[in-house]
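Colleague: I would like to go through this model with you. Could we begin with burial, then turn to charged pairs and a pocket?

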Amino acid sequence: MGLKIGGKIARVNGKELIYEEFVKNYLEKNQPVIITGLMEDWKACNDWVTKDGLPNLSFFSSMFGNSKVQVADCGRREFTDQKRVEMSVSDFIGNWVDLFSKECGNASSCKDNDGSLLYLKDWHFVKEYSDYIAYTTPVFFRDDWLNFYLDSYMHMDETSQDKNEINCSDYRFVYMGSKGTWTPLHADVFRSYSWSANVCGRKKWHLLSPSQSQLVFDRHMKSSVYDIFEDVSETQFPGFKKAIWLECIQEQNEIIFVPSGWYHQVLNMEDTISINHNWFNAHNLSWVWELLVKDYNEAKEYIEDIRDICDDFEGLCQRNLAINTGMNFSDFFIFIIRFSLANLIQLSSLVKDHKIKIHDAPMAQHLMSNLASVKKVVSDMEDFLERLISCLDVKELLEKPDFKKLSIAMGTAYRRLRGELWEHSFDALEVDYGDFLHSIDDSHCKVYSPNDLVKLINHVAADLSTSFGEVNL
């Protein structure tokens, strides 16, 4: 019995779509969409593709061959994923070229000596080759708190004590694989959004709505189906046959948006190169928190039997959570504090320094919506995180170059979302932090707990409301 397929994924022309429509129809509704017409000017679409529309393997080997990358063996399972090995891009390309040279005619119908197909995944191409501008992130995906943060706070020295809390340098990737390579069923890291652009080749996607995600789990809700096309045990996964999937073919030069919590399995129907980002922002911040709570409860349950002999049981739970999920409660809270301040500063600068009326500027409305979402998530955190081990001092935070870099990146991106231009352009370097701090009394300058952050946000909102109109958070 095959999969139940129901419904279609919308296809829209990106040149005719405005940012507000994307937010309303897809971000807020958490619905997938395929967007066309945005990749024609990408350097990657010229350099990485031959005239015949195939991956330009010789270009990659000559230009980026020394890079070390993660390669998945599509024929070997390791726990919940495919077995991975590290190799150079040159060696990976060599393997691919060898497939072309066999009598079967091309790589897409061949496998390596042990019957497996190799799939290059999660290549941090942008971080490694920052001067090579392969593409421009489409405007719909630029409100990217995850990569803003990592660009600002990630330190390349892995031994540094100041290394960022989130365990990755960035979440911008290149994927390369021959026909038949695939990715097992999964929901994305942090329950983030993702977008994937086909530079060449075609992909077949099967997606499952979060409302049905329980159907791909076992009776104990501990493990999920690995491959939806294998003989799935009805005894182990009793709900699987009830699942109703969305199926779509993603063509070359098309971008698919995958919302939070959607399980998906992907097959390369042709030799394919794609660009992929994971990202989150205020719209799906609650998804991230819910995943952290779920994974925390599982981490705690797993070691419950050593609670009585453990000197710091909660600390061990949080350390395991950081290892397994990529961050823990404190990491996430510090992340939220920094973004809350960046939003507050940008909002304050708009209305105080640039005399922009709160209710007239889409950017101001955007910032207020962000802060309202933050307050909701932070309020939910109070039952789990009473206070940080050490406080975050607002005055000290604002003086750090990393924070200023974050604030600049966010402010610049937000103005470009809608092409908003002020009579006097500005960035975070021009923001009067002294004026902002002057509006905050000493009782709000140190943040220990979620409740402290809510009070700080409310305090700044009240200050702005007094002189510039009501700030609704």
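Colleague: Is Arg172 buried or exposed?

Modeller: In this predicted model, Arg172 has a relative accessible area of 13%. Arg172 is therefore buried, the cut-off being under 20%.

Colleague: Which residue does the side chain of Arg172 meet in a salt bridge?

Modeller: The partner is Asp151, with an N to O distance of 2.5 Å. Asp151 belongs to helix α6 and Arg172 to strand β7, so the pair ties together parts that are 21 residues apart in sequence. Asp151 is partly exposed, at 25% relative accessible area.

Colleague: Which residues are linked with them in a network of salt bridges?

Modeller: The network links Lys127, Asp151, Asp170 and Arg172.

Colleague: How many salt bridges are there by the count?

Modeller: The count comes to 17. Among them, Glu304 and Arg307 meet at 2.7 Å, N to O. Glu304 is partly exposed at 36% relative accessibility, and Arg307 is partly exposed at 35%. Asp73 also pairs with Arg76, their closest N and O atoms being 3.4 Å apart; there, Asp73 is buried at 9%, whereas Arg76 is partly exposed at 38%.

Colleague: Changing topic, what is the volume of the second largest pocket?

Modeller: Its volume is about 720 Å³. The lining has 24 residues, and those closest to the centre are Val126, Thr137, Phe148, Asp151 and Arg172.

Colleague: Which helix gives the largest share of that lining?

Modeller: Helix α12 does, with 5 residues. Helices α5, α6 and α12 each supply at least two.

Colleague: And how do the lining residues divide?

Modeller: They comprise 11 nonpolar, 7 polar and 6 charged residues.

Methods: Residues are numbered from 1 along each chain as its sequence is written. This is a predicted model: local features need pLDDT of at least 70, side-chain atom pairs count only at pLDDT 80 or more; totals for chains, interfaces and linings use all residues. Side-chain values use heavy atoms; hydrogens and water are left out. On a 1 Å grid over the protein atoms alone, a cavity is a set of points where a 1.4 Å probe fits but cannot get out, and a pocket is an open set with protein on both sides within 12 Å along at least five of seven lines; lining residues have an atom within 4 Å of a point. Grid points are joined across faces, edges and corners, and a volume is the space filled by probe spheres set on the points. Helices (H or I, at least four residues) and strands (E, at least two) are DSSP runs, numbered from the N terminus. Ala, Val, Leu, Ile, Met, Phe, Trp, Tyr, Cys and Pro count as nonpolar, Asp, Glu, Lys and Arg as charged, and the others, Gly among them, as polar. A salt bridge is a side-chain nitrogen of Lys or Arg within 4 Å of a carboxyl oxygen of Asp or Glu. Buried means under 20% relative accessible area, exposed over 50%, partly exposed in between (1.4 Å probe, protein chains only).
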